[in-house]
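Biologist: I am new to this structure and would like to go through it with you. Could you show it to me, please?

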Amino acid sequence: MSRFEHPLHNHWHVVALSAQLGEKPHATTLMDEEIVLWRADGKVVALSDRCTHRGTRLSLGWVENQNLVCPYHGWQFASTGEVVRIPSLPPERPVPAKACAQRYHCVERYGLVFVCLGEPTRPLYEVPEFEDGGFRMHLVGPTPWQTSAARSLENFMDETHLPWVHPDMLGNPDAIPVVETREVEEKPGEFYFECQSEVSDRIDRTKKTMNRLTYHIVLPFTLYHENIYPNGDRVIDLFFTTPVSRTRTVRYMVVARNFALEQPSERLITFTEKIWEQDRPLIESQRPAELPLKWDDEMHLRGPDGPSIVYRRMLAQAGMSQFPVVQALV
Ligand code: FES
Ligand SMILES: [Fe+2]
C-alpha cells in the first residue's frame, strides 16, 4: 500500500524552477518528503532522496550515463528508480528488486517542475496566453515563507488587506473601500470571484487606475489571477504555494503581460517581490501557522472574508486539512 494516500498527495505541486536543474542532482522537499531531481534524456526525474542501501542522500551524488550515482558506494539508479549497477558485486550477481528507489510523477511546464507524490486527480492548470506570442512572460520565486501553503494562498486572495499592507501599490489608503459581498462561483474543487481595486501602474507608479481583479482558485494551492486595466492591458498571474512541511511553504508565480513587451521584466519582478515582502512578516506571524478550517476557529466577516470562508470550507470538505506529519528517522 502506498504511503501517499492523503488527498493533498494526489495533486501536482511545484518543487523547483526548470532553471534550477543543471548538471548536478537537485534536492527539494514536498510535504516532508525529501526528493532528488535530475534530467535523464532531457526529461526530469523525481526519486526519493534516500539511497535504498544505507539511506544516504542521493542528491549529494552525480549523474553518469543518465543514471544517478550514490556518492557512498556508487550504486547507480536509473530514471525508473531501478538500481542498474552495484560496483561491489560481480556483474553476474542480480541486483535485488528491493533496491529500487521510490519514484514520483514529475512533469515540467511553464519553466516549473511539478511533482505528485500519489496519483494526480487533476491536470495542470492550462493558460493559453502562456503559449501566445502576444504576451511576455517571467517567473517570480522560489520565495520561501515560514507558514503553511494554505495561509500563503489565502493571503493572495485577501482583498481587504491591499490598501493597508500595500498602500500606493495595490490600494489607496486615503480611500479605504467598504467591501461588498462578492459573488463566489463554486464548482467541485474550485471557485471564482472578482473585484475592483485602485492600482498603481506597474511601470509608472504615479498613475492610478481602477482595475478589475479576477481570482480563480483551484484546490489545494493554485490561484489564477488577472489584473485587467481599463485600457485592456492585462497581467496574468498563475500562482502556486508549495507545502514543504505543515509550516513551511514556497511561493512560485508565472506572469504574463500583453503590454510593454519590449521592456525587460526586472521592474515587474521587483514590484512583486516588494509586495510579497510587505506581506511576509504578517503572514508568518499568524498563529496557528496552519490554516484553521473549523468555522469557529477564527472570526469571519461575511462580505470581506467571503472568498476565504469558501476556501476554508472547500479545503475541509475535500479532506485537505493538514497532511500527516511524517516521523523522521533519527
Ligand atoms: S548508501 Fe548509497 S550506495 Fe551505499
Ligand atoms: Fe498582500
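Modeller: Before the cavities are discussed, a definition is needed: a cavity is a set of grid points where a 1.4 Å probe fits but cannot get out, and its lining residues have an atom within 4 Å of a point. Please note also that this is a predicted model.

Biologist: Which residues line the second largest cavity nearest its centre?

Modeller: Ser148, Ala150, Phe221, Ser321 and Gln322 lie nearest its centre, out of 16 lining residues. The elements that contribute two or more residues to this lining are α1 and β16 (234-245).

Biologist: What volume does the second largest cavity have, and what is its lining like by class?

Modeller: The volume of the second largest cavity is about 160 Å³. Its lining has ten nonpolar, four polar and two charged residues.

Biologist: How many cavities of 30 Å³ or more are there?

Modeller: There are three. The largest cavity holds about 270 Å³ of space.

Biologist: Which residues lie nearest the centre of the largest cavity?

Modeller: Those are Phe156, Leu162, Leu170, His225 and Ile275, and the lining has 21 residues. Elements that give two or more residues to it include α1 (149-157), β15 (222-228) and α3. Helix α3 supplies the largest share, five residues. By class, the lining of the largest cavity divides into ten nonpolar, seven polar and four charged residues.

Biologist: Are His166 and Asp279 buried or exposed?

Modeller: Both His166 and Asp279 are buried.

Biologist: One last topic, helix α4: how many of its residues are buried?

Modeller: Nine of the twelve residues of α4 are buried, so the helix is mostly covered. Among them are Gly306, Tyr311, Arg312 and Leu315.

Biologist: What span should helix α4 (residues 306-317) have?

Modeller: At 1.5 Å a residue, its twelve residues should span 16 Å, and the end C-alpha atoms are 17 Å apart, which agrees.

Terms used. Residues numbered from 1 in each chain as written. Chains lettered and ligands numbered in written order. Predicted model: local features only at pLDDT ≥ 70, side-chain atom pairs only at ≥ 80, totals over all residues. Heavy atoms only, no water. Buried < 20%, exposed > 50% of the residue type's maximum accessible area, 1.4 Å probe, protein only. 1 Å grid on protein atoms, 1.4 Å probe; cavity = no way out; pocket = protein on both sides within 12 Å on 5 of 7 lines; lining within 4 Å. Points joined across faces, edges and corners; volume = space filled by probe spheres on them. Helix = DSSP H or I, 4+ residues; strand = E, 2+ residues; numbered from the N terminus. Nonpolar A, V, L, I, M, F, W, Y, C, P; charged D, E, K, R; others polar. Expected span 1.5 Å × (residues − 1).
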